[in-house]
Every structure is written in C-alpha cells, then in structure tokens.
Amino acid sequence: MMCTSIPCPGFRPKASSTWLFFVFRALYFSHVEKVANLRIAIVGSGKIADAHVEEIRKIPSVQLAAVCDLEPIMAEQLATRYAVPHWYCDVARMLETEKPDVLHITTPPQSHLSLAKQAVAAGCHVFIEKPVAPRHCDVEAIVAATVAAGRKLAVNYWPNFETPAISLRALFETGVLGNPVHVESHYGYDLAGEYGAALKRDPDHWVHRLPGKLFQNVLDHVLNKITPFVEDQQPFIQAIAYRGDAGRVDTEPGDLLDELRVIIRGARTSAYATFSAHARPVGHTLRVYGTKNTAYVDFMARTVVLERKQTFPSALGRLVPPFAVAKDYLQQGFKNLNSFSHSRFHYFDGMRRLLSEFYLSIERDSAPPIAYSEILRVSSMMERVFEQVYPEVFV
Ligand SMILES: NC(=O)c1ccc[n+]([C@@H]2O[C@H](COP(=O)([O-])OP(=O)(O)OC[C@H]3O[C@@H](n4cnc5c(N)ncnc54)[C@H](O)[C@@H]3O)[C@@H](O)[C@H]2O)c1
C-alpha cells in the first residue's frame, strides 16, 4: 500500500533538509514495502473465517491473497463476500501458487497438525485456531515442526489481547495486585447460539469427535488466563463434569456434558476454572486475588476494576469501597465509549491486536506474542482435564 501521508500535504523540503527528507522517506517506504509484502492466506472458510478476514483487512500493511476450503462453495462464498482475489479447494495448490508468508488455519482441530506441517514445509508462518490440536502430543509436534522450519506460530487467544486483559497485565506487572494468591476464570456458553446450535443439531459435528468434546472447543480461553499466574509445569488438577439441565447431576450415555469445574493448585497460586452452559448471563470473567489487591475483569463488558485493600478506619472503610468501584466502572464505561467512537470496540478487536503483534514479530524476526511454553502448558493442562472427564477416551 502506498502511503502519501508523509510528509504532510504542501510540504516542500528546503535545500538544506532535502537529503534528510529523502533519507527519511526512503527508510519509511522501505519499512512499509517490507510489511506490505506480507501475504496472507486462510485455510478453512467456515464460521470463524469471517472474523479472520475482517481483522486482517483492518491491518493496512498486509494483503489477504487467497482463501481455501475443502468445500468449493465455502471458499467461493467467503472470497465473494470480502472480494478476496483467489479461492482454492486444495491447500497444496494454494500454497504453491500464492506463496503466502502466513497461513491462517481455521479448520476443525482434527486437521490442524497436517495443515500446520504442510504450511511450515512450504515456508509459511502459522496463525492457528484454538484448540491447537486434539491431543497434547499433536500440539508438541506442531510447535516442534514450526521451530525446526525456522517459522513462527501464534494461536488465536484473542481475548488475552483485549484492552481489559492488557490492563490486568499492567496491574500485575506494576505490583498493584501483589503476588497472585488465587484466580477464578469463568466462561459461559450458549448452546442455543450460532456455534452451540450447529453442534447440537449435527451429531456428527467435529466438536463431538474431540477427546474433550464441547469443553475442548473452549477450554483454551478458560485456562490461558490462569497459566500466567499459575506457573507450575504440572500443577495439581481435579476436574468434574456433568449435565447441567434441570439440575440433574447424573448423565445418560451419549449425553453432551455441559458443565465443568476444575480446581488447580500450583506451588504458590491456586485457581478455579469454570465452564457453564446454563448460568446466565453468559459470562466471560476473570478474578485475580493478589496479596495487595484483587482485580475483576469482565471480558463481555470490557471492564477491569480493582477491589482495593481498605485503609480507612471503621465505618468509612465500608462506606468508601462502593464509590471507588463505581468510579472504576464509570471510567471504564467512558473508555469503552471512546473506543466505540473510534471504531475500536468490535467484538474481535483483540484478534486485530494479536495479529498485528504476530505480523510484526515476523517482520522483525522477534519473539511471537504468545510464548510456545504457554501454548504447551495450556494444552497439557487441557489434556489432564479431559483424562479425568472422559477417561474412556484415553485408555
Ligand atoms: N478463537 C475463537 O474464539 C474461535 C471461535 C470459533 C471457532 N474457533 C475455532 O476455529 C476452528 C474452526 O471453527 P468453525 O466454527 O469456523 O468451524 P466450521 O465447521 O464452521 O468451519 C470449518 C471449515 O473448514 C473446512 N475444512 C475442514 N477440513 C479442511 C481441510 N483439511 N482443508 C480445508 N478446509 C477444511 C470445512 O469444510 C468448513 O468449511 C475450530 O478450531 C474452532 O474451535 C475459534
């Protein structure tokens, strides 16, 4: 993309500054050109692919070259909806013809390992959807293949790149929370929503064929908020799952388990992970209890508030907190309003931020935005949960 905004309109370099202007301009355009050469392709043109296309298109310096799907109609429709120049139903052909720098893998997890290997063998960096793969050993294989090929990998942990998640990180890193004592990560799911309805009406849906079934389709989003605080490689994990409808805690064979509770205990920090298909409203929250203060993040409302240690004496200490919390919410509300007015309040804004960071890490050959050790720890913890919930799958 050519950029004409530097220098500003009407600017005429003086003779003495001409060389400086041209050096600056050359440097600027060499940078833009380098980023502009980043070609992106997507394999998997189903439901989540639209979000990828939309967020890629918001990053001005990259180019979405092509999309692909085993089903020609899916690829063609996605390409038509967003005016993507080319579409394919054979990923090998797409990689050979388009030579993308980055392949987004947005297919069901069962195909991720083979597609990721194919991508890195073709010289692509990989942006992959969660869950990275059905089994932890497959996730290890994907990371190993990427590293061996000298390419980069990122997983679509987009909520961790939303503004409240960034604010929470800042609170933690600047010592406002103190040391983490306990974390509660809650994720709600609406089985009547677009994704839930798709898997409920189709008994052969790929979600049912995952070792961790419904839970595996979302547990990354629950556990990847805990791993930054529970640093152990092998924390204690205890999981129970059941069907939540009508208050029943027994299950019938073949029933889809839809309530999950996990207790995690590391050397210094403990955590609860909750998945609920029945609690309303459908929440997505995180509470981090620190030795100094506690932070509460609502990913739906995009707020992060601090529950502070009280310093006021007696009744004042009980009177002040609601006002302090109300002030936090008011500030967050105005911040969100400001983001909205600047078109930065889209549902997948975190994905745009994550993608920008990933593409930049490719361009600069720096560390990708999510450490591979984190990806592996999340996947290992997930597998330990599923071993307890669906032991018959792991015999
Ligand atoms: N990060 C998130 O918040 C988020 C949200 C939704 C879905 N996802 C993930 O995205 C992935 C896809 O989910 P979805 O809901 O879009 O699925 P989907 O079933 O709607 O679409 C998947 C598409 O991939 C195609 N496909 C399957 N195997 C293929 C292959 N080998 N080559 C080419 N195309 C192939 C299918 O034909 C289908 O069109 C899953 O891993 C899912 O968990 C992530």
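1. Is R344 buried, partly exposed or exposed? In this predicted model, R344 has 14 other C-beta atoms within 10 Å; because a residue counts as buried at 20 or more such atoms and as exposed at 12 or fewer, R344 is partly exposed. R344 sits in the loop between α11 (314–341) and α12 (349–364), and, leaving aside residues up to four places away in sequence, R344 touches S339 and D349.

2. Before reading further, it is worth looking at the confidence of the prediction. The protein has an average pLDDT of 90, and 89% of the residues score at least 70. Over residues 1–36, however, the pLDDT is below 50, and this stretch has 13 contacts in the model beyond near neighbours in sequence. Where pLDDT is low, the predicted coordinates should not be read in detail.

3. P164, A165 and L168 are buried in α7, and, seen down the axis of the helix, its buried residues fall within an arc of 100 degrees, so they line one face. On the other side of α7, R169, A170 and E173 are exposed. As background, an α-helix has 3.6 residues a turn, so residues three or four places apart point the same way. After α7 comes G175, whose phi is positive, near 85 degrees.

4. What do the buried residues of α7 pack against? Their partners are three strands, namely β11 (284–290), β12 (294–298) and β13 (303–307). Of these, β11 is itself mostly covered, since five of its seven residues are buried.

5. The strand β11 also deserves a look for its pairing. With strand β7 (residues 180–188), β11 pairs in the antiparallel sense over seven bridges, and here V183 stands opposite V288 in β11. The strands β11 and β12 likewise run antiparallel, joined by five bridges, with L286 standing opposite V297 in β12. A hairpin of three residues leads from β11 to β12.

Conventions
Residues numbered from 1 in each chain as written. Predicted model: local features only at pLDDT ≥ 70, side-chain atom pairs only at ≥ 80, totals over all residues. Helix = DSSP H or I, 4+ residues; strand = E, 2+ residues; numbered from the N terminus. Arc of directions from axis to C-beta. Contact = placed C-beta atoms within 7 Å. pLDDT = per-residue confidence, 0-100. Pairing = 2+ DSSP bridges.
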